[in-house]
Amino acid sequence: MNVLEIQHLVKEYTDADTPVRAIDGISLTVAAGEFTAIVGPSGSGKTSLLNMIGGLDTPTSGTIHVQQQNITQLTAAQRIDFRRNHIGFVFQSYNLIPVLTAIENVALILQLQGVSKKERQQRAVELLTAVGLQDRIHSRPANLSGGQQQRVAVARALASRPTFVLADEPTANLDSKATENLLQIMQQLNKEEGTTFIFSTHDQRVINKARRIITVEDGKIHTDEQVVPDSATTLAPMV
Amino acid sequence: MNILRMAWKNLWRTKRRTLITVASICFGVVLATLMRSLQDGTYSNMIKMSVQLASGYIQLQHPLYQQQKSINHSIAPTASELSRIAAINGVQTVSKRLSSFALFSSGSTTKGGSVIGIEPDKDAETSNIQHWVAEGRFLNKGDRSVLLTQHTAQNLHLGVHDTLVLISQGYHGVSAAAAYPIKGIVQFATPKLNHLGVFMDLGLAQEFFDTGEQVSAVMITVDDYNTVPNTVAAITAATDGAYNVLDWKTINPDIVQFIESDQSGGMVMIAVLYIVIGFGIFGTIIMMVAERKRELGVLIAIGMQKVRLYVLLFCETILIGVIGVIAGFSISVPIVVFLKKNPVQLPPELATTYAKYGFEPYFFFGTTPTVFLYQVLVVFGMTALIAIYPLWKVKTLEVTTALRS
Ligand SMILES: Nc1ncnc2c1ncn2[C@@H]1O[C@H](COP(=O)(O)OP(=O)(O)O)[C@@H](O)[C@H]1O
Ligand SMILES: [Mg+2]
């Protein structure tokens, strides 16, 4: 089943001196359960593409269907509701809410969805345990390492049981050990919870973990191939 | 995680800045409360003194008396009229007065002043002049001796048991002259009143001025100062409009005018103070929104509706004001309450100046609820106005731009 269908997507930025065509006619489908990397050099259009898929930005033309719903026709307020219910975001620079503890950061989105307190506590603890942070649930972001913060961000992205998780260069600020660790967790959640991940990267170690690699250049899809990832079969036990 | 708790936590992220902002509001509230309380105390003391001693809250007069305070513009209210007035709900006391001017002399010294005929038995409840008798004793009904105010006595070199000579014009030009023994000296707290002149029994005054049963005014006091307008209307009705019924504001236009001009001067100062503080708060809010732009973007990105975000920022802005007001009141309320009970005596140099203008040499403080309510309203109004800024910022926030910032 396809969770995402993109047709003839174009994004032009006209606010600059010379208009930039960041996405130049991309068509693409993503099925449930995929673990897909969008790969390309800086400026190739990865962020623009993910922003539109996540309903953060609107395309110049083309359509995006998420679970059969055309999100390009939504109003700004409707897009906020859409994001809350369908998309899990992991940002490059963690972007946790500094005044909230790890568990509060994860539970926040559930609270916005109107989930009962007991249920959201339970879900948040479950997810923080899954990302290996069961001992740090009451820590504030400032007291966590970058890798730990990004794991909280992954837990937050999964809290609302989104249709898919979008991660824009999630490991760009992490060292290789934390990168390895985060990727393992994402793979495991993909396997065990069946969560669909779409992430952008230009880090070869991350690319090696993907099961599908879509390369983009100048806003166009260059290659799109299914691969056997590095350690898909030899996943290390989680710490 | 409710919004108020989150707002509270956000405020203390920049502890020092929030504390400085709160301190500035606190400072403003303390200063404004003290100023307003001083005004309130001064005014109510002025009103109380002049109303009690001189005018009563309401007066019944001859229609021409207010324009020309002549002995000829007298009235002779009947006993039944007076009892009808006394029966009106809220009326506390009803007493008659006859006042005019006279020359006082003793030896070679002559001074001008007022002659005020009072009903000594009723006066205890109204003007309470007996409270201010410094030497000798207060009057009794039917007395043929008089009370002299302190400065008048001093100027005439007279004391208790001496004799005072009065010369004046009586009713319709009759000449009036008499000599009366002095029963007591009155010394008021308000220095100006000590130049007033002579108090005597109403009967004696009527005899001196030859007015028969006529009086200059009927003074009426009420239980509650706020009922004055209603009582004025009731009295007018009870006396079929035969007299001019005036409230203390009309009788003392100078006091009202002084209060109004003094008050507006004070208001301007307080307004300037709050405007300066308002800009301080505004600066804090601008910084707060600017440095959290990305965070606001994240919250909208993950699905928080802008309204909710706005409520959060509104709470943060208002909270600064609330904390400031609470801090301010926790300092100013005890001070004001203490000062109300213990008026501050002025230093001697200031006291002389005050005395010259006829004020008591004290700083009086008041605790009328509006003294405090006003600060609450101003700070709330100000912060609510400032909170428009985050509203506008959130409304125009572009998620993708905010995330890139
Ligand atoms: N808001 C914007 N306004 C103008 N140009 C933009 C904007 N965002 C991205 N671009 C341009 O679009 C192109 C693609 O950028 P982006 O999607 O950020 O690529 P990537 O994430 O792969 O680095 C770049 O040339 C970039 O300069
Ligand atoms: Mg990018």
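## Basis

Strands (E, at least two residues) and helices (H or I, at least four) are DSSP runs numbered from the N terminus, and two strands pair if DSSP finds at least two bridges between them. The model is predicted, with local features needing pLDDT of at least 70 and side-chain atom pairs pLDDT 80 or more, while totals for chains, interfaces and linings use all residues. Residues are numbered from 1 along each chain as written, chains are lettered from A and ligands numbered from 1 in written order, and side-chain values use heavy atoms, without hydrogens and water.

In chain A, six strands form an open sheet of mixed pairing in the order S6-S7-S8-S3-S9-S10. Its edges are S6 (87-90) and S10 (220-226) of chain A, each pairing on one side only. Strands S3 (residues 35-39) and S9 (residues 212-217) of chain A run parallel over four bridges, with Ile38(A) partnered by Ile214(A).

Helix H1 (residues 46-53) of chain A packs on this sheet, touching S3, S6, S7, S8 and S9 of chain A, where contact means heavy atoms within 4.5 Å.

## The ligand site

Ligand 1 is surrounded by residues from chains A and B, so the site is shared between chains; a residue counts as near if one of its heavy atoms lies within 4 Å. H1(A) gives the largest share of this shell, three residues.

Note on methods: Axes fitted to C-alpha atoms, helices over the stretch in contact; angles between N-to-C directions.
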